Amino acid sequence: MVWVNAIIQGVLLGGLYALFAAGLSLMFGVMRFVNIAHGDFIVVAAYLALTVMVSLGISPWVAVPVVVAVMAATGYLGQRLLLNRVLGKDILPPILVTFGLSIILQNALLETFSADSVRLPAGALETASLTLGDGIAIGILPLAMFATAIGVIAGLQLIFYRTPLGRMLRATSDDAEIVPLMGGNNAHIFAIATGLASAVVGVAGIWLAMRTNFDPAAGPVRLLFAFEAVIIGGLGNIWATLAGGIILGVAQTVGAQIDAGFQILAGHLVFLLILIVKPTGLMPRMTG
Amino acid sequence: MASLTTDLPRRPAPGRFLPAAVIAAAVVLLAAAPWWAGRADLRLLMEALSYLALAQMWNLLAGYTGLVSVGQQAFVGLGGYLFFALAIFSGLPLLVAMPAAALATGLVAIPAGWIAFRLQGAYFAIGTWVIAEVFRLSAAQFPALGGGSGISLPVAVARSLSESREGREMAMYFLALGLGLSATFGVWALLRARWGMALTAIRDSGTAAESIGISTRRVKFLIYVGTAAMTGLTGAFLFLQKLRITPDAAFSVNDWTAFVIFIVVIGGIGTIEGPVIGTILFFALRQVAADWGSWYLMLLGAIAIAVMLVDKRGIWGALKARTGWALFPVERRLR
């Protein structure tokens with residue numbers, strides 16, 4: 001039964017990883033841009049949520065939209081003012097700029113919040129659970145987290161395939177050089193994509209804050225999890241990213257069941273194994 | 001039609017004498033350091049020379065073959081750990097254990113590279129980071145090597161270098177000097193050889209290089225493995241100097257990759273002079289800003305971003321474009 005339990009917990013944890021990965025996947029899909037500071041952005045969102053809800057005492061019903069909106073706006077402006085200037089054929093500038101951002105964010109968080117690890121208290125929700133008999137219980141919080149992941153991914157899918165904005169994003173993804181000829185504005189579309197990705201990062205950050213303890217240095221590991229979920233699933237397919245997140249989550253919880261020190265390592269090893277066996281991911285739709 | 005000669009200029013033209021003189025003076029000055037520098041300065045120089053070696057290797061990898069790795073700490077740590085394991089358990093003499101650790105690091109880089117090369121561009125970068133994390137987490141799983149809390153090098157092993165403290169410091173300094181100089185001159189020699197033509201071609205255009213018959217994948221892979229071995233050797237030295245190794249220190253992304261990347265990028269990527277300039281600046285800045293703590297790291301990150309926005313060729317690259325200066329000439333000209 002402990003194994004069934006581990007797998008269920010892993011699947012639910014996979015939802016969080018899919019949330020981490022969705023923003024990364026979206027930015028890469030639209031502009032072939034990989035944000036090394038992605039994990040740090042998630043941690044920034046987590047601290048933002050903590051500040052708004054705990055320090056300022058604002059109700060979650062107001063705080064969540066505020067965090068998401070602030071992240072989205074910051075993402076839009078950051079892309080417009082900084083990241084757009086380093087996009088291009090040369091892969092080095094975007095990697096370096098986001099790597100530099102990652103170092104800056106980690107140290108700025110360290111200066112502001114100290115190195116102590118913190119957590120966003122979720123009140124009674126933290127311990128509430130559904131009992132499925134036979135010693136298997138599913139926490140309400142992880143379940144809600146998983147549901148959020150499905151909701152966010154379905155929402156992104158809807159935006160991509162059912163709205164004029166999505167058509168523009170898909171056109172940019174297919175050929176960014178042609179879009180301006182049709183009257184599109186790449187700088188704006190790229191910024192919209194990053195804004196959208198940052199909104200998802202905001203949601204991911206809030207869940208990270210409730211799910212685990214975090215500290216200013218927690219970002220890079222989240223980047224790695226997000227990246228692994230994207231690659232396991234296969235580039236360019238957002239539902240596959242959810243599958244990738246679930247595989248990673250299950251690998252980690254099953255690994256932890258074998259040995260507590262083996263949790264993260266087991267996730268990395270499963271990722272490398274899939275990279276060896278199927279480098280394009282399990283359900284690829286485009287090549288990187 | 002002008003004939004393309006692959007020879008470098010045989011006779012130093014006027015003005016070519018100066019670079020050689022500058023290099024010779026710098027080498028002599030460094031070689032004489034134990035006689036003019038104090039103990040603290042010598043330690044600083046040792047560290048700077050180790051970083052110069054790491055920077056030259058990262059530059060060779062990223063600046064010439066375009067393989068932007070953020071996981072070179074994998075090989076620093078692996079070199080350090082293998083060296084400790086060999087020195088403690090096999091009883092090999094220190095000066096044999098170090099190159100043996102480097103060789104073993106190069107061997108491990110073969111399967112690691114085989115996996116990492118399945119990813120391209122920025123994903124390759126993050127993939128190398130995952131591999132480094134696997135090494136870090138694995139190192140903590142070996143009880144014989146102290147697990148998560150690490151292991152110290154027995155005093156007897158360090159003593160074997162020299163009985164007296166002065167002798168040890170002298171020997172350590174010349175090891176560091178050897179690392180820094182052999183990395184710098186090694187890259188220079190490589191770029192002046194046939195290999196260098198291939199590397200420069202790949203740097204300028206991978207597709208064009210492929211079309212004239214360079215097996216870009218093979219060249220890149222060999223450079224990946226070669227730089228891993230040299231990075232491992234530097235790692236072995238760094239932890240010989242520290243006398244203690246832990247998984248977190250050995251596989252630190254900040255210490256062994258972030259700083260190195262900043263050094264190369266600020267100095268000038270894709271040039272041999274860049275890592276030299278970058279190392280000097282990095283350590284000069286650190287002396288000034290040592291007490292700033294995390295503000296110093298933020299400043300470094302900001303400078304790296306500024307370089308990318310203002311002139312991504314870095315200080316030496318920009319200078320070279322304006323003046324045509326070259327301390328380490330590797331360019332071939334039509335005559």
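**Helix packing, core and chain contact in a predicted model**

Helix α8(B) passes α11(B) in a left-handed crossing. The model is predicted. Chains A and B touch each other, with 35 residues of chain A in contact with 32 residues of chain B. The largest nonpolar core holds 195 residues.

**The α8–α11 pair of chain B**

- Helix α8 of chain B covers residues 165-192, and helix α11 of chain B covers residues 216-242.
- Their axes come within 11 Å and cross at roughly 160 degrees.
- Angles over 145 degrees count as roughly antiparallel, so α8(B) is roughly antiparallel to α11(B).
- From α8(B), the contact uses Met172(B), Leu175(B), Ala176(B), Leu179(B) and Ala183(B).
- From α11(B), the contact uses Met230(B), Leu233(B), Thr234(B), Phe237(B) and Gln241(B).
- By class, the residues of this contact are eight nonpolar and two polar, with no charged residue.

**The largest nonpolar core**

- Within this core, the residues that touch the most other members are Leu19(A), Ala45(A), Ala49(A), Ala193(A) and Phe83(B).
- Helix α7 of chain A (residues 186-211) gives the largest share of the core, 17 residues.
- Leaving out residues up to four places away in sequence, Phe83(B) touches Ala97(B), Met98(B), Ala101(B), Ala236(B), Phe239(B) and Leu240(B).

**Where chain A meets chain B**

- On the chain A side, 35 residues are in contact with chain B.
- Helices α4 (92-113), α8 (219-233) and α10 (263-277) of chain A each supply at least two residues of that side.
- The largest share, 14 residues, comes from α4(A).
- The side of chain A that touches chain B has 27 nonpolar, five polar and three charged residues.

**Residues with positive phi**

- Arg32(A) is not a glycine, yet has a positive phi of about 55 degrees.
- Arg32(A) sits in the loop between α1 (2-31) and α2 (38-55) of chain A.
- Arg32(A) counts as partly exposed because it has 16 C-beta neighbours inside 10 Å.
- The C-alpha atoms of Arg32(A) and Ala115(A) are separated by 33 Å, and the two residues are 83 residues apart along the chain.
- Leu243(B), also a residue other than glycine, has a positive phi near 65 degrees.
- Leu243(B) is found in the loop between α11 and β2 (244-245) of chain B.
- With 13 C-beta neighbours inside 10 Å, Leu243(B) counts as partly exposed.

How values were computed: Residues are numbered from 1 along each chain as its sequence is written. Chains are lettered from A and ligands numbered from 1 in the order in which they are written. This is a predicted model: local features need pLDDT of at least 70, side-chain atom pairs count only at pLDDT 80 or more; totals for chains, interfaces and linings use all residues. Axes are lines fitted to C-alpha atoms, for helices over the stretch in contact, and angles run from 0 to 180 degrees between N-to-C directions. Helices (H or I, at least four residues) and strands (E, at least two) are DSSP runs, numbered from the N terminus. Angles under 35 degrees count as roughly parallel, over 145 as roughly antiparallel, 65 to 115 as roughly perpendicular and the rest as oblique. A crossing is left-handed if the near helix is turned anticlockwise from the far one by less than a right angle, and right-handed if clockwise. Two residues are in contact if their C-beta atoms, placed from the backbone, lie within 7 Å. Ala, Val, Leu, Ile, Met, Phe, Trp, Tyr, Cys and Pro count as nonpolar, Asp, Glu, Lys and Arg as charged, and the others, Gly among them, as polar. A nonpolar core is a set of buried Ala, Val, Leu, Ile, Met, Phe, Trp, Tyr and Cys residues joined through C-beta atoms within 7 Å. A residue is buried if 20 or more other C-beta atoms lie within 10 Å of its own, exposed if 12 or fewer, and partly exposed in between; C-beta atoms are placed from the backbone.
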